[in-house]
Amino acid sequence: MKPSFQVENIMLDSLISWIGSRGNTRGKSLSIPVFDGAFKPNNLLEEAKTLVESTGFSDIISGANNRLLAACDNRVVEVSKTGELSELAVLDRAITSLAQLKDGRIAVGLGDSVLIGAGTANPVSIDSAGGQKLTAVTALAPALDGGLLICDGSKSYGCDDWAWDLMNNCKDGRVIAVDAVGGNARVVAAGLGYAFGAYESDETGVLVSESWKHQVCQIAGKNARAAIDRLPGYPCRFAAADDGGFWLTLFCSRTQLVEFVLKENDYRAEMMATIDPRFWISPSFGSGADFLEPLQGGGVKQMGVLKPWAPPRSYGLLVRFDAKMTPQYSMHSRVGGHNHGICAAAQIGDTIYALSKGSGRIVEMSIRATRKTLFGEDAA
Amino acid sequence: MIKTISRLRYKYWPDHIFGEILQKSWMETAVPLAVLIFTIVFFSVQIDNFISPSNMSDNFRQASELGFVVLGISLVLIVGGIDLSVASIFALSNLLVLYCMHVWQLPLGASVSITLLGGALLGSVNGILIGYFRMRAFLTTMVTLIVFKSIHDLINVRVAVPISSNFPDSPVWDIMGYGSILSIPTAVWAFGIVALFSHILLTRLRPGWWLLAVGGNRRSAYNIGLPVNRIVALSYVASGVLASASAIFYAARLASPGADTGSGLEITVLTAAILGGIRLGGGKGSVMKAILGTLIILLLTNGLLRMATPAGTARIILAMILLMAAALDIRWFKNRHKAVQEMYVSPAYLELPHLPEDTTAPNAAFAPNDRLKAVETIGLGMIEAPEDVVLDDYDNLYSGNRHGEIIRFFAPDYQRHEVYARIGGQPLGMTFDADHNLYVCVGGMGLYRVTADREVELVTDETNRSYLSVIDDSRLKLADDLDILPDGRILFSEATVRYEMHEWQTDALEGRGNGRIIMYDPKNKKTTTVLRGLTFPNGVVLASDKQSIMFAESWKCSIKRYWFDGPKAGTVEMVIDNLPGYPDNINVASDGNYWLAIMGMRSQVFDLAMRKPGFRRRMAKQLPGDEWLAPNINTGCIVKFNEAGEILDVLWDMDGENHPMITSMREHKGYLYIGGISNNRIGRLKLDGVDETFVSSGKYHVG
């Protein structure tokens, strides 16, 4: 008796939700993945030690010989273990992304172009691929063949205008591969919902973050297929992990309100036309600077306390994936914290460094200590 | 163009009324009514003359006969039982009344009385068995159905011939059968009177409420001391009486002692009752539903008959419609509150004046500062939700909390505190009169007074109901700030009539003129609404001319002035029309100006949302409350302004460290005391160069 009743229920419900979806009232699910399992929230990122703080940081990588390299404004710098910066190269524009090729040369993204061999006598510049100019070089990654993977986030908006790209529902990011001398540029994936990070290894092949689709794609030949989907945040750059697998940064966590606004064309259009992007309803690298920022009901302070589970405007999240692309554990900086907008990470030995764009900090954590906190004595 | 249309549509189309209507309990009848209307429309399209006077009259006569029985079974269903034996009682009563009239030739009154008594007796068999012996209703009435039917069959054989061969000489009897009064059939009159009485019984009289209570929850009914057994038993007696009443009219019309009288009647009436929306589980039901169900069944059967549908097909159609109606009714019953929830919030179009970009620029009036950083903290962690603060002559500090108490902090250091009075609802705006009585607006309760002897007394909790309001707006839902006038009257604001205390954020989302200002006159103890249609009115304070008050309209970010006396009595004027935040309480400052608490700041995205009612409506439907876009109430400030509407001073706590949301402040002897409804502390700030004897409360006598 019971199963047939359920069938009737499911049919009725799906009928109602189908009718609802016609009028954008229901049905289209606004649910977002919760922080569960490997994503269980903690405060590790927020409690992490600050190595160095500067608003200019845009990317960090672990370079050759266990050196931590960072892009800060228009400079490529090495960050020492004590947080001192020493200059390696100076460019004429702000750097948007950073990578080191197999041969040790440094490649930098400069918004709408890429420079391979920055700081050397004869650098190679790339400003177009597949017959199209680069627009937003959001991330660079060394390829296994000695070349370079370039993430061109969007066709229409530069790196700083990523919020426009999201709010216009653009899906035209590209991943471009070039060889070691910067030639033979070819588009390996296009039509991505903002390409914001790439990674290549023997275990995983070529991976790319699609921020607006909350997924990581695996690129095989001409096809990109979702390898990690339904992420609870907006995936960003990768970092190699020492014993297999990789780190994935997520620059903000998702909220139902943003998903809702993305369906509300009329509201979104007027918001984009009349309001400063800093105050839009959109994910953000940092928050709390201005009372003109949007606030959601759960974020109202009660009895002097801002609840850490309030809907976030910005969030800090770094996730460790194993070689099978299964999430293992994660580090968080929750609502009310400062180390938000994690957009790059680098592992050197036992230390994982993370760049928080929201606070401008590079923070460091011991992986051993982290595992001990999360899994107890044995895991360390 | 489209914008204008949308604005006009949201301005004049009363969206909120749909939700309010849906909330009414009589909306439970909506589904059967819709089915009835559909049935009528369907058959009048299919059949000529379906709604002709003669046909209608005939239909109504039959409907009334059926209606008596349905009414009876409805009463039993409401109590949580079932009565299948009505068909047999009907048949037996038919024989009885015919035998009385035809064979014994008794007068009409006597015959009717005997028959009704017979019905009551038969019903009481069920009643005693089920009510007192606690037997299962279904089984018991099925048995009595069979037993009564068998008795009927035995008797019928003997009395059929005598009945058929005699005829009573009673014109009244004939009128009962086929006559009309004012061209309405007699049976309809009789049924109408009985139905009206039953309606009053169920909705207005104690026995009716008892029926509903027993049906709703038998154990609870027993626990509160209701005679459950007797009530159950009497419902079966009533069912029996009504079945025999039906039989009397049936007999008068047909005078037929047929062997199959009433056969299958129990199924028909049961389906009629269920189709009308009376639930098998008990506790729910009304006379209107019984009538609607009866009409649907009758029109359906007659309509199908007249369409010459083969009997089998007609029955299948009937069954299908019943099934659908029952399924719809269950859905409706289960989901009505969800529908109400979705429909009730109906955002309005609210265009705030454009907020200049440089409102909080370093040189502007609202330039950020950290002057509230220096605030001293009182009662940190000892008080929750001090919406308003007030001080007495001895400098003791009083504040409400969310546990429904008024807490007193003792001067001079405010380290010690006690519960001054227990009220039960959350105290909001407070003020002293000259006799040391504390007048308090209590959320969800109304206007209260704590006397100097700490007795809590109700001052008023209702005002005059407005004629055009769907919801009952006479009760005070969210009285929130008050002031005592020089002549002893009290003016207070009610923030919203559509939401409860804890739902004020939903009212913010709605942005509709749901609030009002109310006058209480202690001389004749009358409470009257003086202003309505205000958007979250708040912060009532007597102005310097003693003929007007200042008040804030929170979601409109404006301060207004209302004259209650003098030459401008009754008028309202704008004082400040474009605040950068949401104003809350207002109080007088020692220099004759006014302090204003700003509970939170406007954000452009929220302002834009206020101009997009559809956006907000969908947001309210699709997102949980914690995910809604909210006004930024994590940053508040205190403002000093004058009667010309000029901003004189602004005090900020930019990081919201101590006072993220400020709902009130009061100047007292050189200090400013600060309260916040979502806070767990009271702030105190030393003011420089002010009159250190100034006291803002306790000037006037009430009465």
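## Chain contact and packing

A:Gln296 stands opposite B:Leu629, a residue of strand 22 of chain B. Strand 22 of chain A (residues 295-296) pairs with strand 22 of chain B in the antiparallel sense over two bridges; pairing requires at least two DSSP bridges between the strands. Strands are DSSP runs of E with at least two residues, helices are runs of H or I with at least four, and both are numbered from the N terminus.

The model is predicted: local features need pLDDT of at least 70 and side-chain atom pairs pLDDT 80 or more, while totals for chains, interfaces and linings use all residues. Residues are numbered from 1 along each chain as its sequence is written, with chains lettered from A and ligands numbered from 1 in the order written.

In total, 31 residues of chain B are in contact with 30 residues of chain A, a contact being two C-beta atoms, placed from the backbone, within 7 Å. Helix 18 of chain B gives the most to its side, with five residues.

| Element of chain B supplying at least two residues | Residues |
|---|---|
| Helix 17 | 604-610 |
| Helix 18 | 613-622 |
| Strand 22 | 629-630 |

Chain A has six helices and 27 strands. Its C-alpha atoms fill a box of roughly 75 × 50 × 45 Å along the principal axes.

Within chain B, the axes of helix 4 (residues 53-78) and helix 9 (residues 186-204) come within 8 Å and cross at roughly 35°. Axes are lines fitted to C-alpha atoms over the stretch in contact, and angles run from 0 to 180 degrees between N-to-C directions.
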